[in-house]
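This report considers the aromatic pairs, the charges placed over rings and the nonpolar core of the structure shown below.

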Amino acid sequence: MHEPHARTLAALRKWSVLLDSAFRIPGTGLTFGLDPILGLIPGIGDLTTPLFAALLLLHSVRMRIPRVVQVRMVINALIDLLIGFIPVAGDLFDFGWKANVRNLALLERHAHPGSAATRGDWIFVLSIIGILIALAAAPLLVAAWLLSRFRLL
């Protein structure tokens with residue numbers, strides 16, 4: 001790995017830990033960072049992870065990380081963003097999901113030249129795509145069933 005990439009990854013690691021796991025709840029193994037705390041600020045708080053994710057994604061492009069891994073990083077951030085918009089539940093979700101740490105781990109795992117995407121990367125991305133297709137198709141299938149049930153089709 002090139003020296004500038006190593007320095008960049010070290011800086012990103014510090015920010016990632018600060019946002020996701022810098023603090024430990026005494027007597028437990030639970031950690032949290034500034035992300036769920038900032039998430040309590042209406043409007044601006046839920047943008048912390050997407051902004052940091054954009055920074056991680058920019059570096060993944062510069063480091064020529066496999067595209068499917070980049071897509072996986074985007075999905076991680078989108079999951080965090082979408083669930084983060086749900087009051088209280090989104091902030092609690094941040095305690096477990098830790099999208100920044102997940103994305104940094106992906107970036108570090110694939111930061112070496114010639115690093116290939118894993119089967120797990122493909123399974124994750126294709127599973128999410130399958131779930132989205134099923135969610136999109138479900139209302140159409142229900143509507144078709146209702147129309148045929150009442151002989152309107």
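F93 and W97 both belong to helix α5, where they lie four residues apart, about one turn of the helix. Helices here are DSSP runs of H or I with at least four residues, numbered from the N terminus. The model is predicted: local features need pLDDT of at least 70 and side-chain atom pairs count only at pLDDT 80 or more, while totals for chains, interfaces and linings use all residues. Residues are numbered from 1 along each chain as its sequence is written, and side-chain values use heavy atoms, with hydrogens and water left out.

**Aromatic pairs**

Rings of Phe, Tyr and Trp (its six-membered ring) pair if their centres lie within 6.5 Å; planes under 30 degrees apart count as stacked, over 60 as edge-to-face and the rest as tilted.

| Pair | Centre to centre | Angle between planes | Class |
|---|---|---|---|
| F23 and F32 | 5.5 Å | 45° | tilted |
| F93 and W97 | 5.7 Å | 20° | stacked |

Burial is expressed as relative accessible area: buried means under 20%, exposed over 50% and partly exposed in between (1.4 Å probe, protein chains only). F23 is partly exposed at 35%, whereas F32, at 17%, is buried. In the other pair, F93 is partly exposed at 25% and W97 is buried at 14%.

**Charges over rings**

A charge sits over a ring if NZ of Lys or CZ of Arg is within 6 Å of the ring centre and within 35 degrees of the ring normal. R102 lies over the face of W97, 3.9 Å from the ring centre. The charged end of R72 is placed over the ring of F124, at 4.7 Å from its centre.

A nonpolar core is a set of buried Ala, Val, Leu, Ile, Met, Phe, Trp, Tyr and Cys residues joined through side-chain atoms within 4.5 Å. The largest such core has 17 residues, of which L56 and L107 touch the most other members. At least two core residues come from each of α1 (3-20), α3 (48-62), α4 (67-84), α6 (99-109) and α7 (119-149); α4 contributes the most, with four.

Contact means heavy atoms within 4.5 Å. Residues up to four places away in sequence aside, L56 touches L12, M73, N100, N103, L104 and L107.

The buried residues of α4 include R72 and M73. Their cover includes α2 (34-38), α3, α5 (89-97), α6 and α7.
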